[in-house]
Amino acid sequence: MNIFRLLGDLSHLLAIIILLLKIWRTRSCAGVSGKSQILFALVFTTRYLDLFTNFISMYNSAMKLIYLVCSYATVFLMYFKFKATYDSNHDTFRMEFLVVPVGGLAFLVNHDFTPLEILWTFSIYLEAVAILPQLFMISKTGEAETITSHYLFALGSYRALYIVNWVFRFYTEGFFDLIAIVAGCVQTILYCDFFYLYITKVLKGKQLTLPA
């Protein structure tokens, strides 16, 4: 554990809390992609299958459990509790275009050809692109609520901080995980345009709108 990983974890947790509070307080999931949330739930499920068999620390187990519970809670709120507010007309990204290629890649490129390792690798690859339905939804509507923008910024910051964590670990521990690093870089690149719009608009009190 180092400060960059801790900040990354806290940023990730903050993103999840922001999203849940947004949905619960407004009693609406308008502007949120349910498909991205399903993909994130799939990411955590396939990554944390070792939750009760591989104990590392109380912190590690607690964070795994929190991510799992919160991801399924978000899906429940969107597809059951506040289903009437879900904008399915704009959330049209085809999830199979991500899940199938990622599954094939995880099967071919992994550290160890075992079921748990393949599923872990699948989760790493899928997390890198799971935000695409949300970004695609914003591109279709042309704008994003300020609270949704805060959620996306916190989520993007988590991955950017993890890249710094990997650099730090490489120089201090000699640790190097090419699969995680490449996937993390891809994920961060997907957020670059959003980061620019967030800094130039949302932080100045304006609503995030995309150029016509």
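A: The structure holds one cavity of 30 Å³ or more, where a cavity is a set of points, on a 1 Å grid over the protein atoms alone, at which a 1.4 Å probe fits but cannot get out. This is a predicted model, in which local features need pLDDT of at least 70 and side-chain atom pairs count only at pLDDT 80 or more, whereas totals for chains, interfaces and linings use all residues. Residues are numbered from 1 along each chain as its sequence is written, and side-chain values use heavy atoms, with hydrogens and water left out.

The largest cavity contains about 100 Å³ of space, a volume being the space filled by probe spheres set on the grid points, which are joined across faces, edges and corners. Its lining consists of His12, Ile16, Leu19, Gln37, Phe40, Phe44, Cys70, Ser71, Thr74, Tyr151 and Leu155, lining residues being those with an atom within 4 Å of a point. At least two residues of this lining come from each of helix H1 (3-26), helix H2 (34-47), H3 and H7; helices here are DSSP runs (H or I, at least four residues), numbered from the N terminus. By class, the lining of the largest cavity has seven nonpolar residues, four polar ones and no charged ones, with Ala, Val, Leu, Ile, Met, Phe, Trp, Tyr, Cys and Pro counted as nonpolar, Asp, Glu, Lys and Arg as charged, and the others, Gly among them, as polar.

One of the lining residues, threonine 74, belongs to helix H3. Threonine 74 has a relative accessible area of 2% and is therefore buried (buried means under 20%, exposed over 50% and partly exposed in between, with a 1.4 Å probe and protein chains only). Apart from neighbours within four places in sequence, threonine 74 makes contact with Leu19, Leu20, Ile23 and Gln37, contact meaning heavy atoms within 4.5 Å. Of these partners, Leu19 and Gln37 also line the largest cavity.

The largest pocket holds about 910 Å³; a pocket is an open set of points with protein on both sides within 12 Å along at least five of seven lines. Its lining comprises 31 residues, and Arg5, Arg47, Tyr48, Asn60 and Trp120 are those that lie nearest its centre. H1, H2, H3, helix H5 (115-129) and H7 each give at least two residues to this lining, and the largest share, six residues, is from H7. The lining of the largest pocket includes 15 nonpolar, seven polar and nine charged residues.

Helix H7, which contributes to both linings, also contains phenylalanine 153. A search of the whole structure gives 16 aromatic pairs, for which the rings of Phe, Tyr and Trp (its six-membered ring) must have centres within 6.5 Å, with planes under 30 degrees apart counted as stacked, over 60 as edge-to-face and the rest as tilted. Phenylalanine 153 counts as partly exposed, at 26% relative accessibility, while phenylalanine 195, at 15%, counts as buried.

A tilted pair is formed by phenylalanine 194 and tyrosine 198, with 6.0 Å between the centres and 40 degrees between the planes. Both lie in helix H8, four residues apart, which is about one turn of the helix. Phenylalanine 194 counts as buried at 6% relative accessibility, and tyrosine 198 likewise counts as buried at 6%. Ring pairs link Phe153, Tyr191, Phe194, Phe195 and Tyr198 into a cluster. Within it, phenylalanine 153 touches Phe194, Phe195 and Tyr198, residues up to four places away in sequence not being counted, and its C-alpha atom is separated by 7.8 Å from that of phenylalanine 194, 41 residues apart along the chain.
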